[in-house]
Amino acid sequence: SLSSRHCPWKMNQLPPKSAVASPVSESTNSKGEALDNLSMDSFWLEVENIKQSAEAEQEECSLADVKTQEEGEAEAEWLQDAGLAELLGEPAGDKDNLVLLSTLTRTQAAAVQRRLDTYSRSRRRRNKHPVRDVRDIFAAGSSQDTAAEKEESSPDPLWHNLRTSNTQRKTQDYSCTVRNPGKEEVFNMDVAYSEQAAVLLKGSFLSESRKLKDGNALTRFKIPKGRLGVTRIGDLSAQDMKKIPTLALIELTALCDILGFELKRNKAAKLKTTEKRLFGVPLNTLLENDQKLLPNTKVPLLLQALLSCLEKTGLETEGILRVSGSQTRIKSLEQKLERDFYSGLFRWDDVHQNDVSGLLKRFIRELPAPLLTAEYLPAFAAVQNIPDLKQRLQALNLLILILPESNRNTLKALLEFLSKVVAREKNNKMNLWNVSTVMAPNLFMHKGLPSKIPEGKEKQLAEGAADVVRMMIHYQDLLWTVSSFLVAQVRKLNESNSRRYQFCDKRIKNLLRKIHADKDKVEKNQGEPSKVVKVHASLLLKDSLEVHLNNATRVADVLRQFQKNLCQNGWNIVNTVNLLKCNNSTECTNLLLYEVGGNIGEHCLDPDTYLLDLYHINPHAEWIIKQNPSCPRMF
């Protein structure tokens with residue numbers, strides 16, 4: 001978790017009914033006022049339904065219990081997951097893992113150094129010497145130096161701020177300033193979140209008023225489009241997206257360090273095998289089976305079928321998701337689906353909508369590992385402990401980037417459906433808070449995870465879990481964005497793979513000075529006011545398109561010029577018009593411009609990207625026009 005270990009609820013540790021009406025206990029994290037005026041009845045009703053379902057089937061845990069880690073063990077696991085296994089003296093799968101250090105910001109480097117110091121100190125305490133000592137790489141001092149002594153001798157003022165921020169945070173009043181609901185604020189993704197938080201150390205944090213019932217009253221955030229546009233999840237190639245989780249983990253840890261929270265993760269647990277084909281089957285196994293029938297499937301076919309069925313006839317149903325279907329019918333339907341789903345014999349038209357919603361929740365709940373993953377479920381739950389709304393969203397954004405691709409795609413499909421339910425609130429009587437309270441137990445309760453809930457904290461934790469779900473539904477477009485600073489780090493990582501740096505500096509910060517000095521040299525050569533480049537579109541035109549770039553040329557301009565050239569080259573006018581349409585909507589272009597190669601694998605560009613700026617950052621890339629994969633092919 002991000003502070004004290006607030007784990008999700010276990011089936012046999014559900015709060016008593018008296019907890020529903022119990023007053024909110026005093027918050028230990030000074031988070032401000034709780035969601036007093038928002039009813040939690042739906043939450044506890046859903047908890048009771050889950051409990052009855054579990055007791056009726058006498059279900060066993062599908063995950064192994066999480067074992068307490070020894071000192072240094074968590075840090076070693078963190079370094080491995082962060083792509084820095086070589087620092088532990090262990091052979092890494094990728095020999096270029098150390099290159100990752102060259103991309104780090106100061107706060108990120110400080111987070112890595114802290115884990116290295118803790119790991120090294122724990123090894124010395126146990127009188128075990130790693131194959132490759134941390135000090136052999138960073139030459140931080142003599143072999144007798146302790147981590148504390150190294151920190152005290154460090155002239156870096158950031159280290160002092162990081163060390164003292166934790167104690168200061170204990171007495172700081174976060175509730176002194178309240179955000180104005182409904183106000184639009186800037187959500188900066190150009191600068192690392194941890195660096196932004198470090199700047200705010202001397203100031204006071206803002207806390208969102210928790211007395212919000214109407215989703216429309218939530219603070220609106222706008223991502224300012226820089227010269228390079230905005231990158232969404234899915235815009236980067238699989239090769240580059242593989243680099244994002246490690247960078248996001250380091251950044252999340254750095255952000256938690258600045259905020260004074262400890263990021264603790266559960267150990268990955270071994271999954272038990274099942275003879276079923278649909279319910280209780282690991283996501284990856286489901287997708288492997290589905291891809292044999294339908295290649296490139298990214299969301300389980302069963303989940304797609306459940307959501308599709310509900311979207312067709314259930315969105316207008318009053319109390320959808322909240323009103324429980326018959327447990328007997330739901331169990332019978334599950335057995336029929338196991339038997340007939342893949343053969344196509346299952347008849348969805350005969351199923352009651354409340355039973356379908358019950359199947360949907362059951363599918364999520366029965367996954368052998370939580371949809372938010374066993375490792376990071378406590379971190380998702382503990383996001384509520386961060387006082388500032390913007391920083392809660394920053395942490396959620398990073399957590400979603402850390403999720404495995406299959407979990408992230410499945411979660412997005414679910415959240416998109418939940419947004420559609422909320423949009424029909426007038427008919428189905430399910431507003432954002434209602435939907436959040438119903439879905440929170442299904443996402444945060446898992447029968448296979450141990451939990452210890454402090455006495456009297458049930459209502460506080462339940463409200464926090466529902467609020468996290470509310471944020472994921474309401475802010476999903478923002479949360480599924482890859483921050484510009486992470487894309488920049490991916491570029492730097494790709495560049496550094498071909499330019500080796502010597503890792504013999506006294507501390508990571510010395511290495512960063514060298515990297516930034518190199519960067520300044522490059523930036524001095526980026527003053528060209530214009531450039532002529534070639535844009536390729538081999539599937540549409542034999543010859544490439546010459547484009548004159550200036551400071552005002554955007555991706556959208558190039559696509560318009562390309563369409564004009566198609567007409568001049570005698571392309572059928574019907575096909576030309578279709579290239580600019582998708583599902584009869586002129587707002588969705590059927591053409592996209594990709595940046596390929598250089599310091600990026602493949603990057604689908606925002607229409608508002610200024611291409612001369614992009615050229616200066618990646619002069620060796622090719623630019624290729626392709627058809628939008630989400631639109632029907634016209635040629």
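I'll start with the strands: S5 and S9, the latter covering residues 622–627, pair in the parallel sense over two bridges. Strands and helices here are DSSP runs, numbered from the N terminus, with at least two residues (E) for a strand and at least four (H or I) for a helix. Two strands count as paired if DSSP finds at least two bridges between them. Within this pairing, Val-535 stands opposite Trp-623 in S9.

Before going on: this is a predicted model, where local features need pLDDT of at least 70 and side-chain atom pairs count only at pLDDT 80 or more, while totals for chains, interfaces and linings use all residues. Residues are numbered from 1 along each chain as its sequence is written, and side-chain values use heavy atoms, with hydrogens and water left out.

S5, residues 531–536, also pairs with S6, residues 545–549, in the antiparallel sense over five bridges. There, Val-533 has Val-547 of S6 as its bridge partner.

Next, helix H19. How many of the 13 residues of H19 are buried? The count is 13 of the 13, so the helix is largely enclosed by the rest of the structure. Buried means under 20% relative accessible area, with exposed over 50% and partly exposed in between, using a 1.4 Å probe and protein chains only.

H19 bends by about 30 degrees at Val-438, and Pro-441 follows within four residues. The bend is the angle between axes fitted to the seven residues ending at a position and the seven starting there.

Last, the cysteines. Cys-309 is buried at 9% relative accessibility, and Cys-604 is buried at 9%. The disulfide count is zero, taking a disulfide as a pair of cysteine sulfur atoms within 2.5 Å.
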